[in-house]
Amino acid sequence: MGVNSGSGHGSLGRLPSYLFRPYRGNEDHGAMAAVRRGCAGRDGIDARSVVEGVPTAAEIAEASAKLDDPSENQVLVEHNGDIVGYVTIRWWQERDGPWLYLHRGYLLPEHRCAGIGSDMVNWAESRIRRLVQQHGTARTAVFGANAMVSEEDSTELLLEIGYRRVFSLVELELADLRRLPEHNGQLPVGIRVGAVDPPSYHAAWKTVVDSYANVAFTEKWTFESFLATADPTCWRAAWDEDRMAGVALCSIRRHDPTVGEVEELSVRAESRRLGLGRALLLDGLRSLREHGAETARLYTGTANPHRSYDLYESVGFRRQNEYVRYRKPIDV
């Protein structure tokens with residue numbers, strides 16, 4: 001059975017010692033985690049990254065459980081009985097309309113440059129074409145793929161087969177939360193900063209969603225999905241009288257409580273340039289520190305029009321890695 005026939009699983013004709021097979025659940029998580037560890041050195045992976053680090057078997061289990069039909073949309077590559085790579089497919093509709101079908105593959109370095117990486121992409125694209133036909137999304141669907149700047153092998157492969165870079169994210173770290181600068185600015189009269197209580201959750205969600213209203217390449221975010229992952233312990237918000245003007249959604253990393261994350265920092269358009277962003281950020285970082293975090297991470301678009309990069313650097317964040325997002329038209 002060829003890689004693009006039937007279910008897409010089976011031995012590869014030109015490399016018979018390799019086998020593509022479906023994901024089988026718990027029995028695979030340890031081997032998949034070993035693949036990620038084995039890729040880390042060659043690909044320059046930052047183990048503490050909040051974008052894409054080196055996941056444990058438990059984290060891979062959590063991610064797999066969130067997939068739609070993981071045994072069909074996650075395939076493993078075996079070589080002489082050992083798992084040496086895997087590919088995962090996810091999809092969603094973005095705020096500006098397109099349906100993005102993202103595939104992400106990992107292959108141990110010693111098995112690269114033999115055509116296996118290309119076969120993994122071929123399997124993913126073939127599976128995505130079938131999904132697009134099932135979903136009826138052909139008019140707006142596109143292939144998506146991710147690679148860090150440090151992932152030279154993946155970058156070269158994607159560019160060779162027609163993917164183009166559409167945008168990138170940069171991850172930043174504040175290495176020592178004990179050394180936070182003071183907030184020296186005076187907030188305008190009528191504005192206060194404080195914690196976010198349950199009655200304000202919808203306002204916090206709406207503040208973030210509205211800040212992305214005109215931004216392309218961003219996933220739709222429902223209030224239900226916001227609530228499903230809500231961890232308000234370190235959230236901070238700014239109110240202008242009784243209206244929420246901005247929000248900093250900060251959280252402690254579940255699998256490493258020494259690391260805090262600034263998941264979102266959003267200020268409404270009419271309240272920008274008043275010092276709210278800096279006040280919210282510093283208040284959120286202090287809250288992370290009070291709850292045990294020693295360092296903080298965040299990521300932002302490299303083309304962010306609101307110059308948030310400058311704000312983050314001004315309080316001590318420094319660049320770690322760049323994560324590039326690639327796309328290619330789907331020929332269904």
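Predicted model: local features only at pLDDT ≥ 70, side-chain atom pairs only at ≥ 80, totals over all residues.

Visitor: How much space lies in the second largest pocket?
Guide: On a 1 Å grid over the protein atoms alone, a pocket is an open set of points where a 1.4 Å probe fits, with protein on both sides within 12 Å along at least five of seven lines. Grid points are joined across faces, edges and corners, and a volume is the space filled by probe spheres set on the points. For the second largest pocket this comes to about 580 Å³.

Visitor: Which residues lie nearest the centre of the second largest pocket?
Guide: Lining residues have an atom within 4 Å of a point, and the second largest pocket has 31 of them. Those nearest its centre are Arg 112, Gly 117, Asp 153, Ser 154 and Leu 157.

Visitor: Which element supplies the largest share of the lining of the second largest pocket?
Guide: Helices (H or I, at least four residues) and strands (E, at least two) are DSSP runs, numbered from the N terminus. Helix H1 (26–43), strand E5 (99–107), helix H4 (116–135), strand E6 (141–148) and helix H5 (152–160) each give at least two residues to this lining. The largest share, six residues, comes from H5.

Visitor: What do the buried residues of H5 pack against?
Guide: Buried means under 20% relative accessible area, exposed over 50%, and partly exposed in between (1.4 Å probe, protein chains only). In H5 the buried residues are Asp 153, Thr 155, Leu 157 and Leu 158. Contact means heavy atoms within 4.5 Å, and these residues pack against H1, E5, H4, E6 and strand E13 (318–329).

Visitor: Where on H1 do its buried residues fall?
Guide: An α-helix has 3.6 residues a turn, so residues three or four places apart point the same way. Among the buried residues of H1 are His 29, Met 32, Arg 36 and Cys 39. Seen down the axis of H1, with the arc taken from the directions from the axis to the C-beta atoms, the buried residues fall within 160°, so they line one face of the helix.

Visitor: Which residues on the other side of H1 are exposed?
Guide: One side of H1 holds the buried residues, within that arc of 160°. The exposed residues on the other side are Glu 27, Arg 37 and Gly 41.

Visitor: Is Asp 28 buried or exposed?
Guide: Asp 28 sits in helix H1. Beyond four places away in sequence, Asp 28 touches Arg 21, Pro 22, Tyr 23, Leu 76 and Ile 83. Its relative accessibility is 1%, so Asp 28 counts as buried.

Visitor: How far does H4 reach from its first C-alpha to its last?
Guide: The expected span of a helix is 1.5 Å times one less than its number of residues. H4 has 20 residues, for which 28 Å is expected. The model is close to that, at 28 Å.

Visitor: Which residues is Gly 301 in contact with, leaving aside neighbours within four places in sequence?
Guide: Gly 301 lies in strand E12 (residues 295–301). At 26% relative accessibility, Gly 301 counts as partly exposed. Its contacts are Ser 168 and Leu 169.

Notes
Residues numbered from 1 in each chain as written. Heavy atoms only, no water.
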